[in-house]
Amino acid sequence: AVIFSYYKSKTINTKTTQAFNALTGQALISCILDIVSVFLLKYFNPSLLWLNYIVNIVYYIFFNAIPLCFYLCLYYLSENNKEMPRKKFWVFFGMNIFMGLLTISTPITKSIFYFDENLIFKHGAFFYVYYFLDLFYIGEGLKHFFKKKRNFNLNKKISLIFYTSSCIVATIFQLFFPEIMVMGFIFSLSILITFLSLENPQDYIDKDFKFYNRQAFIVKAQENYDKKKKMYILGIGCECLNYITKAIGIENRKNFFDKITDYLQTCCDKKSIFRISYNKVALMLQNVGEEKYEELIKNIWNHFQEPIKVGDVEISISVVLKAIECPKDVDSVEDLLDLLDDSLEVKSGSEEIEKNIKVDVDLLEKRRREHKILQILEHAIDSNDFEVVYQPIYSVNTGKYSTAEALIRLIDADFG
């Protein structure tokens, strides 16, 4: 039921959903192999000893990777799908890979399980290491959860604490009573808990255009930056959109949005279109040549020079287009959004749309400078760092100083 609901409603592929895919896949395979293993042991056939080894080896590898996948889901949920540090990644996966190799060697080493001279199934000396490894992943997940708990809402906090506590108790219980398969139930519970903790797929969809929204843009752009993928971003801004949609009425507004939606979908795939604010849209294009990209810009520019007919009304809109090449122009999602927001602003009363399509990356430096000045002023107000000086005013007519004006000055090490 969880898998069906998940795939029915999934909209955007994130690192969290990738980890959840692995979690559900491993749990499903583990359940099937567990049933096959029990059947083979119950109706044991000495000639199929090799099949017993294969089934149980694959089962142990998949089943004991579930806590790792749960930790990954927890990590990406709390870190907004940011890439895991490489060192940490290999530490966590390295232990799992080592145990996997040890499990594969078990027909020779008898390290995890084996069949004795009477062909009775036995656990090997390293079998219980799996339980300690499970406790390690669960403990790390719990530690990470408390460290990043501000990123979870109340329902997620309660669910995750309940699940993690259950896992620790079940692992300890299983350690002393291995014949009772409590862990299978707990790991099944982990899938439900993780599913309930996933982002709502509708959170990524804009309700007017039915495109992806700003949050989806952040996720996809971050993924491309992490993978060092080249992408072209074409920003489309329309300052008057809010006034137009209010003036034309609800029915015409829907038709107006549908017209824009239909046109943009002829330009590129729907999954490449993002509405990043009410009056701004961004196209995220990959695997597109520079020539095709420039042709697309020209076509979109020409299209919006013509009025858009909605019913009996013809609507003329003024748009600004800004082209950004990533990661050449900007090397982070935060800077990319800042650059789009600033460069797509159209000043009221502009008689002519900017003809320079290429974005001005110096806008970022100007924005940082303004932000820094605001910080300095706020700090100066809090610390009472302003100085008052008096400047005399000299009258040429009388040949005397007639008055003085008070000036407030602030001296800063960087800005003077």
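This is a predicted model: local features need pLDDT of at least 70, side-chain atom pairs count only at pLDDT 80 or more; totals for chains, interfaces and linings use all residues.

Analyst: Happy to! Buried means under 20% relative accessible area, exposed means over 50%, and partly exposed lies in between (1.4 Å probe, protein chains only).

User: What makes Lys227 and Glu223 a salt bridge?

Analyst: Their side chains meet at 3.3 Å, N to O. A salt bridge is a side-chain nitrogen of Lys or Arg within 4 Å of a carboxyl oxygen of Asp or Glu, so the pair of Lys227 and Glu223 at 3.3 Å qualifies. Lys227, at 46% relative accessibility, counts as partly exposed. Salt bridges also link Lys220, Glu223 and Lys227 in a network.

User: How many salt bridges does a search of the whole structure find?

Analyst: Four are found. One of them joins Arg214 and Asp341, with the closest N and O atoms 2.8 Å apart. This pair links distant parts of the chain: Arg214 is in helix α10 (residues 214-226) and Asp341 in helix α14 (residues 333-343), 127 residues apart. Helices (H or I, at least four residues) and strands (E, at least two) are DSSP runs, numbered from the N terminus.

User: Why is Arg214 called partly exposed, and why is Asp341 called buried?

Analyst: Arg214 has a relative accessible area of 28%, which falls in the range between the two cut-offs, so it is partly exposed. Asp341 has 16% relative accessibility, under the limit for buried.

User: Why does the salt bridge between Lys230 and Glu325 tie together separate parts of the sequence?

Analyst: The side chains of Lys230 and Glu325 meet at 3.6 Å, N to O. Lys230 lies in the loop between α10 and β4 and Glu325 in strand β9, so the pair ties together parts that are 95 residues apart in sequence. Lys230 is partly exposed at 48%, whereas Glu325 is buried at 16%.

User: Why is strand β4 said to be largely enclosed?

Analyst: Seven of the seven residues of β4 (residues 231-237) are buried, so the rest of the structure largely encloses this strand. Met231, Ile233, Gly235 and Gly237 point one way, and Tyr232, Leu234 and Ile236 the other. In a regular strand the side chains alternate between the two faces of the sheet.

User: How do you know that β4 pairs with β9?

Analyst: Two strands pair if DSSP finds at least two bridges between them. β4 and β9 (residues 320-326) have seven, in the antiparallel sense, so they pass. Within this pairing, Ile236 has Leu321 of β9 as its bridge partner. β4 is also joined to β6 (residues 280-285), running antiparallel, by six bridges; there, the partner of Gly237 is Lys280.

User: What makes a set of residues a nonpolar core, and how many residues has the largest one?

Analyst: A nonpolar core is a set of buried Ala, Val, Leu, Ile, Met, Phe, Trp, Tyr and Cys residues joined through side-chain atoms within 4.5 Å. The largest has 32 residues, and those with the most contacts inside it are Phe256, Leu264, Leu283, Ile300 and Ile317. α12 gives the most to this core, with five residues. A second, separate core of 30 residues includes Tyr59, Tyr71, Tyr75 and Phe113.

User: Which residues does Ile300 touch?

Analyst: Contact means heavy atoms within 4.5 Å. Leaving out residues up to four places away in sequence, Ile300 touches Leu234, Ile236, Tyr263, Cys267, Leu283 and Leu321.

User: Is Phe63 buried or exposed?

Analyst: Phe63 is buried, because its 10% relative accessible area is under the cut-off. Phe63 sits in helix α3 (residues 49-63), and its C-alpha atom is 6.5 Å from that of Gln26, 37 residues apart along the chain.

How values were computed
Residues are numbered from 1 along each chain as its sequence is written. Side-chain values use heavy atoms; hydrogens and water are left out.
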